[in-house]
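Hi,

Here is the structure I promised to send over. Have a look at it first, and then read on for what turned up.

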Amino acid sequence: MTHNSDHPKHSAAKGGEWHQLSDKTHPTLTTQQGVPIADDQNSLRAGARGPGLLEDQVMREKIFHFDHERIPERVVHARGVGFHGYFENYKNQSELTTADLFQRPGEQTPVFVRFSTVAGNKGSADLPRDVRGFATKFYTQQGNWDLVGNNIPVFFIQDAMKFPDLVHAVKEAPDRGFPQAQSAHDNFWDFVSLMPESTHMLMWAMSDRAIPRSPRFMEGFGVHSFRFINARGESRFVKFHWKPKLGLQSVVWNEAVKINGADPDFHRRDMWEAIQRGDYPEWELGVQIFDDAFADEFEFDILDPTKLIPEEQVPVTPLGKMVLNRVVDNFFAETEQVAFCTQNIVPGMDHSNDPLLQGRNFSYLDTQTKRLGGPNFTHIPINAPKCPMHHFQQDGHMAMTNPRGRANYEPNSWDDNPGPRENPELGFQSFPEEISGTKVRERSPTFADHYSQAWQFYISQTETEQNHIADAFVFELSKVEREDIRNRMVSHLLNVDDTLANKVADGLGLESLPDAAAAAVEPRKDLAPSDALSILKSGPSSFAGRKLGVFVSEGTDAKIFDALKAAVEHEGAVLAVIAPVIGGVTDSSGRKISANEKIDGGPSVLFDAVALLPGDKGIQKLARHSPVRDFISDAFAHCKFIGYNTAAEPLLESAGLAESKDDGCIEIDIIEDSCARFIERCRDLRYWPREDAVNKV
């Protein structure tokens, strides 16, 4: 948005209020009916101090519309942010599927992506411990395809019948309206501790996957098994994966808590700023491809949404890349009104019999119809296909178009504008799967193993990540008031891993371990670890896309600052300047360095690494300034790399680090490219060996 210092033409009225007047560059303000408005500052009344008049249609329309601005927020995934972009296909995939967007190499299909949390309302913060929605709408030439996934490849429940119970349990308690946007409370843990099928998902939710650094640094998954169908009618199963170009990264829990206080909009701001500066977030879309024979032989049921297929067993085949390169023009019109439905697939695809997916296909259409006022939400531009549409659907709430002419049905025999006809060649075809069975309400016994993959996930993590999982269980369960619920949850963890269960029990101060929960199927301990399940094993080899927070003060060494800035830019990262005052500082060369943040408003939790480059002037006063001490001590506690110059020694001493500096604290100057070497160290993102010392009690 540009800002013009020249005010539009205006005049002052008797009451002193300003009236901005239309001119050649400012069109005439009108009502929704297009009627020009003469006065937008005053309602119609009987005399300047008299009562308002009911006939004031201008005021009534304006207030009426304002009263109806809000629509029902989503029951889940209410807190979200969306962006535009494109999907670029790599090569012809006709052997795999007839889906139109996968046929022509290099073709770009428009997309809209919405990232979200699950449990909180629209006004909640961006960084609770929560699953993240990763929903993509592809505007293909044969209709819209909605890939409605999460940043975790499995889910809490196996059947959609339990979805209302899960959501009721994790959302705020109905008798008190809290807690908000968190799962650390009795209702949630009471529910999941009575649902052994949730155990695998709980391992993911208690891992750092649930507190991502940004959507730019998280994976996405379609969760369910889907089918691809080629022109010969041959079908293979696929599972969808989004792989971020910048690699995986999360924050630590103490950091997440402080980020929510410092910037509740941290995720949406990060995405917005990255796109605005041209650092477009990018993911690769891939699929795990497997046939019915593999499905029959695999250790678990591929229709079970609480299970995954390790990438070591079925590698991910890349199909194309997605680039998000445009922010929305209007948040409400696009991000709030976008409607994703799992039922929206295109020719060349089909659903599987996953019972959670089958229920989602009903639920999503139903909830969007309710939320957006009726069946015509596809008339809203963000939901409308970008390919031709021809049908006989008509009327309903907020219908924007209707069939023309007499024919609003088919078959019909009208010659004049008879309307569209079906097309067996191009039309959507379901896979002709043979199905037989008795109508029953029962769970397949192939879904009964609830602990084996939870163990596989745990042993696939690094020791650092395992400690974070244990700490998360302890924190969440420590918020649970009922001891029997805490014990019940530990009884499930005993079926996952004894070491984990004991860590959690010790952290909760349990006097004795409960018996292990009864397992429907004996947990397996022969599954191989999968490195793809670990964030740290899948980390980046670059600091690109990250942000370095540099603290400066009066007299900052200009040569060191310039050398560090050059190293950051060469890496493809971002440098943000933090100063004692927002007006910035004057460096040793007499140059003004502008500040991005005042130290009180730019804590180190907002950055991936920090550098301390103060000048000597007033250093003792800065050392006594609490925000400066917090900036340093938090960065150290969160295992971030810390660069510092000689002048920063009093600051480190004030923060209690004079004797605690480790290999993650790196002195930088202009000798032998020390700034470049510091940025190279930052490629590891965190100095994890520090964590044991920081957390030692």
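Is Ala181 buried or exposed? Keep in mind that this is a predicted model, and then look at the loop between helix 2 and helix 3, where Ala181 is found. Ala181 is buried, with a relative accessible area of 12%; that counts as buried because the cut-off is under 20%. Ala181 also has a positive phi of about 60°, although it is not a glycine.

Helix 2 covers residues 163–170 and helix 3 covers residues 186–193; their axes come within 7 Å and cross at roughly 145°. On the helix 2 side, the contact is made by Asp165, Leu166, Ala169 and Val170, and helix 3 brings Asn187, Phe188 and Phe191. Sorted by class, that gives 5 nonpolar, 1 polar and 1 charged residues.

Asn417 lies in the loop between helix 9 and helix 10, and its phi is near 50°, a positive value in a residue other than glycine. As for accessibility, Asn417 is partly exposed, with a relative accessible area of 37%.

In soluble globular proteins, nonpolar side chains tend to be buried together. Here the largest nonpolar core has 63 residues, and those with the most contacts inside it are Phe156, Trp189, Met203, Phe473, Leu500 and Val504. Elements that give two or more residues to this core include helix 2, helix 3, helix 4 (199–205) and helix 13 (498–508). Its largest share, 6 residues, comes from helix 11.

Leaving aside residues up to four places away in sequence, Met203 touches Ala454, Phe457, Tyr458, Ile469, Phe473, Leu493, Val496 and Leu500. There is also a second, separate core of 33 residues, with Leu101, Phe102, Phe226 and Ile345 among them.

Cheers

How values were computed:
Residues numbered from 1 in each chain as written. Predicted model: local features only at pLDDT ≥ 70, side-chain atom pairs only at ≥ 80, totals over all residues. Heavy atoms only, no water. Axes fitted to C-alpha atoms, helices over the stretch in contact; angles between N-to-C directions. Helix = DSSP H or I, 4+ residues; strand = E, 2+ residues; numbered from the N terminus. Contact = heavy atoms within 4.5 Å. Nonpolar A, V, L, I, M, F, W, Y, C, P; charged D, E, K, R; others polar. Core = buried A, V, L, I, M, F, W, Y, C linked by side-chain atoms within 4.5 Å. Buried < 20%, exposed > 50% of the residue type's maximum accessible area, 1.4 Å probe, protein only.
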